[in-house]
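Let's take a walk through this protein together.

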Amino acid sequence: HPEGKGVGGVTGTARDANTDAKAANNRYYLAPSLTWQASDKTKVTVLAHALKDETDSSVGVYQENGRASRNRVSDYGYDYQKQEQYQLGYRLDHTFNDSVSFTQKARYGVINVHARYLSGAGLVPGTRLLRRTAYAIENKVDTFVIDNQFHAKARTGPVDPRLLFGIDYQKVASTFGLGVGNAADYPVLNLDNPVYGNVNAPTPALAPRTGTFVDQLGVYVADQMSWNRWRFNVGVRRDGVEHEARNLGTAAVTTDKRSHAITTQAGVLYAFDNGVSPYASYATSFQPNTSLSVSGSPLDPTKARQFEVGVKFQPRNEDAFLTASLFDLTEQNAVRSIPGTAFSELTGQVRSRGLELQGKASLARDVNLTASYTYNQTEVTRSTDPAEIGKELPVTPRHTASLWADTVMRSTPLAGLGLGAGVRFIGANKTDKVHASTNPSATLVDLAVY
């Protein structure tokens, strides 16, 4: 362009694969982008992507005496979950002067999901034959998001503040349809001699769809300040949300909620000369939910608060960075899916406390090392189900750790060839909210050539 320069690119992926459970693992993805430097003060970036995924919606196995068996309940010839996703957005950056700038980001997206699967419906009395019922799900989500930010820098004596003021808006429209078949129409599964690929029954018809519509407007302000070796961060945000649910078959409004919340954040850090930087932070959050309860109404918003203290270390003249932190997170109205259904529920209140260690370093001969460890102790502190109060969250290990090393050859005939290897540990965790059984720990090994 006579008055500016443009730079574009395209990222793409095509994958045709299966997992070890004969579930499809296919993906087709295309993401073009274009950045236009309209002037020395204005830059616009346009981003888009199209994605198509196909996999199986249920690969659950039959639970026998509290333990997982090798029998898949559903059928790889019947199951599918097909998702299409499209997004188009832009980012506009404009600099007014050395102190004030403006950023606007907007995005429109559509997600369509079609799925069906078989689920266990109990044994035929006196036999090892498992009845199965079919489920069908259709979900479409349209989202529009826009965020406007003003940035200002001002030096007032020894303090160096950086102010941020923003207004954002998002609109989410979601339609959900569920169909349930008759168990008599689908073949039973012989648990002693399972046969798959023989399900010829139709997809269940969908019941009248439910539509959920969320309008959220947020206003926020934050300030990052530097004073000598001190770093401060404070911020406050106010959200207002209108949440409506409608039966799309009758157009009747089943839920009409309005809520608002003020959330805050604050942090402080001190940077010593030797590269050690202790810090502390506090933050609260507010997140509307579009998930539906069994009654078909949208769930209440999720709220949380977190305390964190830690230390960061970046040694002088070394390409390395280490962090250690202690955290205490309390979440109210956390969302949990209801097993065997397409609906969700609120857990009441959950507390998570623990330790995180992370480190990155570049060693001799271009070897990069990344390591992490997390100790996470969870507890359900409030619940409508007294049986789970005081218990850990299911499928949430206390201990996780990982170690990864990689290198890129520089001065050999194979220059540019990268090699990597790593190991991951996932600790034992409970299978359900009442701790009926335990998933054992697992250690996984990863290798990469690129």
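**Starting from one pair of residues**

Find threonine 13 and you'll see that tyrosine 29, in strand β2, stands opposite. Keep in mind as you look that this is a predicted model. The two strands in this part of the picture are β1, residues 5-15, and β2, residues 25-37. They run antiparallel, with 11 bridges joining them. How many of the residues in β1 are buried? The count is zero among its 11 residues, so this strand counts as hardly covered by the cut-off of under 20% relative accessible area for a buried residue.

Now step back to the whole protein. Its secondary structure comes to 25 strands and zero helices. Along the principal axes, the C-alpha atoms fill a box of roughly 85 × 60 × 55 Å. Of the 450 residues, 31% are buried. If you take the contacts with a separation of 6 or more, 59% of them are between residues 24 or more positions apart.

Where do buried nonpolar residues come together? The largest nonpolar core has nine residues: Ala115, Tyr117, Tyr135, Ile137, Phe176, Leu178, Leu292, Ile338 and Phe343. Three strands each supply at least two residues of this core, namely β7 (100-123), β8 (129-153) and β9 (159-180). There's also a second, separate core, made of six residues, with Tyr78, Tyr186, Val199 and Ala201 among them. As background, nonpolar side chains in soluble globular proteins tend to be buried together.

From here, hop over to serine 281, which sits in strand β14, residues 276-287. Is serine 281 buried, exposed or partly exposed? Its relative accessibility is 29%, so serine 281 counts as partly exposed. Setting aside neighbours within four places in sequence, serine 281 is in contact with Ala266, Gly267, Gln306, Phe307 and Glu308. And how far apart are serine 281 and isoleucine 137? They're separated by 144 residues in sequence and by 42 Å in space, going from C-alpha to C-alpha. Isoleucine 137, remember, is one of the residues of the largest nonpolar core.

Last stop: the surface and the charges. The protein exposes about 25900 Å², and carbon and sulfur atoms supply 56% of that. As for charged side chains, there are 47 positive and 43 negative ones. The centres of these two sets lie 2 Å apart.

Note on methods. Residues numbered from 1 in each chain as written. Predicted model: local features only at pLDDT ≥ 70, side-chain atom pairs only at ≥ 80, totals over all residues. Heavy atoms only, no water. Buried < 20%, exposed > 50% of the residue type's maximum accessible area, 1.4 Å probe, protein only. Helix = DSSP H or I, 4+ residues; strand = E, 2+ residues; numbered from the N terminus. Pairing = 2+ DSSP bridges. Core = buried A, V, L, I, M, F, W, Y, C linked by side-chain atoms within 4.5 Å. Contact = heavy atoms within 4.5 Å. Areas by Shrake-Rupley, 256 points an atom, 1.4 Å probe, with all protein chains shown as cover. Lys, Arg positive; Asp, Glu negative; His and termini not counted. Charge placed at Lys NZ, Arg CZ, Asp CG, Glu CD.
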